[in-house]
Amino acid sequence: MSETITVGGITIDSNDPAELAEFWSAALGYTVLADSGDYIMIAPPGVGFGEGRYLAFQRVPETKGTKNRVHIDFQTTAREAEVDRLTVLGATVLGEHSLPGFAWTVLQDPHGNEFCVVAES
């Protein structure tokens, strides 16, 4: 285990960082840590920079073109209810899957970035 490097957060490219920050803040209950207009960082309330667990959105000129190479899995004990809540906020369901012991729903945020909501089954 490295003592000098840890996962701080995940940055998502977007041509409208404010729109994505608004969606993900509502989805996760996060608050804004930093906002330059072109780069917005959100985190759980009370979590400061350097404490990890943040999402950031940075402005890029291009739109998303293909499937994500990396996506986030969110865990819950109420998968169906969370999927319903996220679709009301603007997410789109892409599919439902399961393996012995757990199930997940694949969704897209309003800009087409894939993510999963996972629960034990």
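Start at the largest pocket: select Ile12, Asp13, Lys64, Asn68 and Asn113, which lie nearest its centre among the 23 residues that line it. A pocket here is an open set of points on a 1 Å grid over the protein atoms alone, where a 1.4 Å probe fits, with protein on both sides within 12 Å along at least five of seven lines; lining residues have an atom within 4 Å of a point. You're looking at a predicted model, where local features need pLDDT of at least 70 and side-chain atom pairs 80 or more, while totals for chains, interfaces and linings use all residues. Numbering runs from 1 along each chain as its sequence is written, and side-chain values use heavy atoms, without hydrogens or water.

The volume of this pocket, the space filled by probe spheres set on the points, is about 380 Å³. Now colour β1 (9–14) and β8 (114–120), the elements that give two or more residues to the lining. β1 gives the most, with 5.

Next, select helix α1 (residues 17–28) and helix α2 (residues 79–89): their axes come within 10 Å and cross at roughly 150°. So α1 is roughly antiparallel to α2, a label for angles over 145 degrees. Helices here are DSSP runs (H or I) of at least four residues, strands (E) of at least two.

Which residues make the contact? Show Phe23, Ala26 and Ala27 of α1, then Arg85, Leu86 and Leu89 of α2; contact means heavy atoms within 4.5 Å.

Technical notes
Axes are lines fitted to C-alpha atoms, for helices over the stretch in contact, and angles run from 0 to 180 degrees between N-to-C directions. Angles under 35 degrees count as roughly parallel, over 145 as roughly antiparallel, 65 to 115 as roughly perpendicular and the rest as oblique.
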